[in-house]
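Subject: Structure for you to look at

Hello,

Here is the structure I said I would pass on. Please open it beside this message and follow the notes below as you go.

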Amino acid sequence: MRTDTGQVFKLEDYRPSDFSIPQTGLTFRLSPDATRVTAVLTIERRDGAAASAPLVLDGDGLLLKRIAIDGRELAPADYLATPDQLTILKPPARFELLLETEIAPASNEALMGLYRSSNVYCTQCEAEGFRRITYFLDRPDILSVYTVRIEARLDEAPLLLSNGNPVESGALADGWHYARWHDPFPKPSYLFALVAGNLGQVADSFVTMSGRKVELGIYVEPGKEGLAGYAMDALKRSMQWDEQAFGREYDLDVFNIVAVSDFNMGAMENKGLNIFNDKYVLADRETATDADFANIEAIIAHEYFHNWTGNRITCRDWFQLCLKEGLTVFRDHEFSADQRSRAVKRIAEVRTLRAHQFPEDQGPLAHPVRPRRYREINNFYTATVYEKGSEVVRMIRTILGAETFRAGMDLYFERHDGEAATIEDFLKVFEDVSGRDLSQFALWYHQAGTPNLTVSSTHNPATREFTLEIEQSVPPTPSESRKRLMHIPLAFGLVGAGGEPVAYGGVEGAAVEDGVIHIRKRRHMVRFSGVDERPAVSLNRGFSAPITLSVEQKADDQFFLAGHDSDAFARWQAFNTLLTDALIAAFRQILGGAKPAFSARLTGLAGKIAGDETLEPAYRALALSLPGEADIARDIGRTIDPDAIFAARETLALAIARANQDAFANLYGRLADDGRFSPDAANAGRRALRNILLDYLSLLPGGASLAARHFEAATNMTDRAAALTVLAHRHDGSPEAVKALAGFEARYGADPLVMDKWFQIQASVPGPRTVDTVRELIGHASFSMANPNRVRSLVGTFSSANQTGFHRADGEGYRFFAQTVLEVEKRNPQVAARLATALRSWRSLEPGRQAKAREALLAIAGAENLSADLRDIVERTLA
């Protein structure tokens, strides 16, 4: 484990390497405890590099066994070797470097480099894992053509896979065999992949738009082949969609996916050999929820789309990470929107952004979409890079229009194919195809923080003018106290009394194009002429920009827009704003000792939305989902008391349930499962609506019995998990909840991925007792501190999704968390660092909890030999 070096990498310090590695040959002689790696590297000094420059290669915990240049063994005086670096003091201008290293995959619990998962050899090299395999220039701008030979015992690893196309395979002596793979496309080392083991295969094929046949394979643990069918279907749909939407055809003869049970992330886009967390491959109605199916579809697509946005065109350096991740998230969002419901998908995307990225922008871990500096790159795989990065790409399309955006993407693929590119390269293609200056817009990449627009409106009947006064501000963030003004594309609509668009004659005060106001200054007075009656204003339609809005708007307008806005997102947003405002008012009443009350108009509107058959069931389910406790805390901002927020939310839920009891019960009955199952959007939406109704009805007398019947009658995991969640959360400790939890465990105890749901449900039970439950579950036979999925399901859920349990007033949740993070870090620093981000908003808590959270952070920071990953997060959080 690398401990903290204190080194800070800065964008301004980037310079090309003095050397390139155009050809890389690798031979692996696989053994769990002593794998021998032989690397043969063709190395060339770049033009302009000093002839005296030494060659310095990256390593991480390596044992060098042999080194030679052009067949000549080097003397000890010719090089300097440590486990973390190899320096060749006087290298020739062009030479072939042979390196032999020895590594131990079986003891690699960090899951970076070459490691073992359920007796399968596999790799994870992004961001800096390749240096744990052999010494190399382990940086994204070193592109090399790889040829790989894998040798292993046939009985241990009958399957041998690497990047590119298969070349040959055959038998060796003493029960060993080999396979050779060649990838003709130059790639950075972070995209290298190897898999070897005994795995079952699901095989299929795809014919590209030019008529080439591509062999497809998904590899899983033997016996689980039947769970990979949906993933294969999603892969084929992704390949076809990318051809149709972006003109991108797959370029190799084979495309393989391997599912492993030990993985730090969701999946990895290695060229031609994607390695996946098995959570995002394995699914059927008995074991996977509708959310699982949707995630599999999206993540299969995301990793496949990386073939062009990440692999064929990669990022020059890790500061450009959003160039592949944010862009590819945008692409997978568009794919899912086309496969499912665009309106529902957009709302879900925004909920995710607000839940994860907005708090990041508002806290000590804030950073630009393109960071300017980092100490540990693993800690910058963040919602800002991914989700906000996607929103920035979406804004480019909004500003330029779909047709010009597509022309820009075409030029990007043409101009930079085979290169390591930058954000400037990306923006330049859109400037070239559109003729627009995007320099002010580029601040979205360079400047941290969530912009806020303050908006007020006036109508003058005499002059028939309607005026919007809009002022922008960007709050200070760490290392950025003064902000520059942004270019914000604000989609809007003027809505008349009957819900129809209000026409206007002209507009002045800002550029307005295709329903978008282009905010470029601090203050705009936007005047619309020819407006006879005061309209309701629908703002940030479709969430056209990742901003917050402070709108001087009457509640009557919000109620009107919630019932009549033609923009589906804005209609949802209007109702969500009403709910949020009511919850914040209730929170303050509870802190003041008063009992909160909610208007019949608000609870009645919830009933109207639930029963509105013109709306998709999935849309209605999202609308009825109250703002989360963390969302409410974010909007309140300071001196947060999680218990008061929870009480406010429960009181509103009960008020809605009581006001709509008969209507909800009737609709719940009409949505009953007919026994047939399909994970498509329409059927998933019906289940989502029925299960949110169950959640409301469970608050009423007989609720526990209703949820228990729902659990027993369930014919799929979506309904079964929903009912179990209701029982555990609403009726904790009841006979019905105890029975259901035990029954679920008995039924699925042998399935780790399903048991993760069991852990999640219990870890998220509200209240002060849950920390004791989580502590006890760590000792459960199905739990393993060495497996990231288990840790995330239990400890991650408790710390990030249980506001009252984690933020227990006496600080016990924080103390347990600090101890557990340090325990996880001994095995896997990356997972520990990601867990530690749960305390990023500690300063927003009320003083008592704030002091206890700080104590926990200081306890982590004070531990000996802290990894670079964890120390970076904790020190930035405390700064």
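In which loop does Gln320 lie? Before the reply, keep in mind that this is a predicted model. Gln320 belongs to the loop that runs between strand E22 (314-315) and helix H3 (321-339). Its relative accessibility is 0%, and residues under 20% count as buried, so Gln320 is buried. Setting aside neighbours within four places in sequence, Gln320 is in contact with Leu11, Cys315, Arg370, Ala421, Thr422 and Ile423.

If you want a place to look, find Cys122, which stands opposite Val195 in E16.

The other is also an open sheet of four strands with antiparallel pairing, and its order is E29-E30-E27-E32. Strand E29 (511-513) and strand E32 (536-539) are the edge strands, each pairing on one side only. On average, neighbouring strands here are turned by 35 degrees against each other, with direction ignored. Strand E27 (residues 488-495) pairs with E32 in the antiparallel sense, over four bridges. Phe492 has Leu539, in E32, as its bridge partner.

Last, a pair of helices. Two packed helices are described by the angle between their axes and the distance between the axes. For helix H25 (residues 829-836) and helix H27 (residues 868-878), the axes come within 8 Å and cross at roughly 10 degrees. Angles under 35 degrees count as roughly parallel, and H25 and H27 are therefore roughly parallel to each other. Their crossing is right-handed. On the H25 side, the contact is made by Pro829, Gln830, Ala832, Ala833 and Ala836, and on the H27 side by Asp869, Leu870 and Ile873. Sorted by class, this contact has six nonpolar residues, one polar and one charged.

Those are the notes. Please go through them with the structure on screen.

Regards

Technical notes
Residues numbered from 1 in each chain as written. Predicted model: local features only at pLDDT ≥ 70, side-chain atom pairs only at ≥ 80, totals over all residues. Heavy atoms only, no water. Axes fitted to C-alpha atoms, helices over the stretch in contact; angles between N-to-C directions. Helix = DSSP H or I, 4+ residues; strand = E, 2+ residues; numbered from the N terminus. Parallel < 35°, antiparallel > 145°, perpendicular 65-115°, else oblique. Left-handed = near helix turned anticlockwise from the far one by under 90°. Contact = heavy atoms within 4.5 Å. Nonpolar A, V, L, I, M, F, W, Y, C, P; charged D, E, K, R; others polar. Pairing = 2+ DSSP bridges. Buried < 20%, exposed > 50% of the residue type's maximum accessible area, 1.4 Å probe, protein only.
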